[in-house]
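Biologist: I have the sequence and the coordinates open. Can we go through them together?

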Amino acid sequence: MTVDIQISAKTLDVQQCIDRVMSADCGGIDVFIGTVRNATKGKTVVRLEFEAYEKMAVSEMEKIAQQTFANWPVQKILIHHRTGVLQVGEIPVIIAVAAAHRDAAFQACRYIIDTLKQTVPIWKKEIFEDGEVWVAAHP
Amino acid sequence: MIVSIQQSFLHICTSIFMKVNILAFGIAKDIFEGPSIDVELTNDATISNLKYLLEQQYPKLKKLATYMVAVNNEYALNGDTIHERDEIAIIPPVSGG
């Protein structure tokens, strides 16, 4: 079982992430790619800005990976997240999971992205044409 | 005489209070107008005490949907005690992914 965690300002490479989890004993790879959408509630998004509390974010991602291994028979987990300024269409997050069979890969991948959004200390600011907002900050 | 009273007063102050640096991220950085602030807490201060103090100084914290405090890179509970060299951070609602 291996975990590959990365938080960086560099562009994420989907193929490289897939290659990193590819393994002879795994019959399925499930990949989630988060991309920057061009609008939120009808308002045009100009760009997103991501900020991370890196040390803690890595440690929370590590916890998620260990919880995933405890719950599903998966072999390899990759979690890569961007920081900095991202334009529409760019990729802030890639989750890749390799398992012997697809059921575990699908479920684990879903669990990882859902939990990441709840617990990992990373924040995004949406920049609109007429203002900006830290996502989820206010009720 | 006056000098010795001042010295002992200073001694009491340094033994009861500690200065703690608080890191801020996301909207908390905007509220604090900077990436960190220093606060003075009593030696036995809890997360609740810290939150109360911060909310007095920065009422905008109370407008957030919620916020957590992390101590040494772990989410802390309201009753947890803060120690002098702890790394403390304000964690507003996260929104990664």
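Biologist: In what order do the five strands of the open sheet in chain B come?

Modeller: The order is S2-S1-S5-S3-S4, and the pairing is mixed. Strands here are DSSP runs of E with at least two residues, helices are runs of H or I with at least four, and both are numbered from the N terminus. Two strands pair if DSSP finds at least two bridges between them. Before going on: this is a predicted model, where local features need pLDDT of at least 70, side-chain atom pairs count only at pLDDT 80 or more, and totals for chains, interfaces and linings use all residues. Residues are numbered from 1 along each chain as its sequence is written, and chains are lettered from A and ligands numbered from 1 in the order in which they are written.

Biologist: Which are the edge strands?

Modeller: Strand S2 (36-42) and strand S4 (74-75) of chain B; each pairs on one side only.

Biologist: In what sense do S1(B) and S2(B) pair, parallel or antiparallel?

Modeller: Antiparallel, over seven bridges, with S1 covering residues 17-24 of chain B. Met18(B) stands opposite Leu41(B) of S2(B) there.

Biologist: And how does S1(B) run against S5(B)?

Modeller: Those two are parallel, joined by three bridges. Leu23(B) has Ala89(B) of S5(B) opposite. Strand S3 (residues 68-71) of chain B is antiparallel to S5(B), with four bridges. Val69(B) has Ile90(B) in S5(B) as its bridge partner.

Biologist: Which way do the S5(B) residues point?

Modeller: S5 spans residues 88-91 of chain B; Ile88(B) and Ile90(B) point one way, Ala89(B) and Ile91(B) the other, and all are buried. Buried means that 20 or more other C-beta atoms, placed from the backbone, lie within 10 Å of the residue's own; 12 or fewer is exposed, and in between is partly exposed.

Biologist: What is the pattern of chain B along the sequence?

Modeller: It reads α-β-α-β-α-β-β-β, from three helices and five strands. Of its 97 residues, 24% are buried.

Biologist: Switching to chain A. How many helices and strands there?

Modeller: Three helices and nine strands. From the N terminus, the elements run β-α-β-β-β-α-β-β-β-α-β-β. Buried residues are 35% of the 139 in chain A.

Biologist: Which residues have the most contacts inside the largest nonpolar core?

Modeller: Ile95(A), Val97(A), Ala105(A) and Ile112(A), in a core of 54 residues. Strand S7 (residues 93-99) of chain A gives the most to this core, with seven residues. A nonpolar core is a set of buried Ala, Val, Leu, Ile, Met, Phe, Trp, Tyr and Cys residues joined through C-beta atoms within 7 Å.

Biologist: What is Ile112(A) in contact with?

Modeller: Leaving out neighbours within four places in sequence, its contacts are Ile64(A), Thr68(A), Ile77(A), Ile79(A), Ile95(A) and Val97(A). Contact means C-beta atoms, placed from the backbone, within 7 Å.

Biologist: Last topic: how many residues does each chain put into the contact between them?

Modeller: Chain B gives 16 residues and chain A gives 24 residues.

Note on methods
Contact = placed C-beta atoms within 7 Å.
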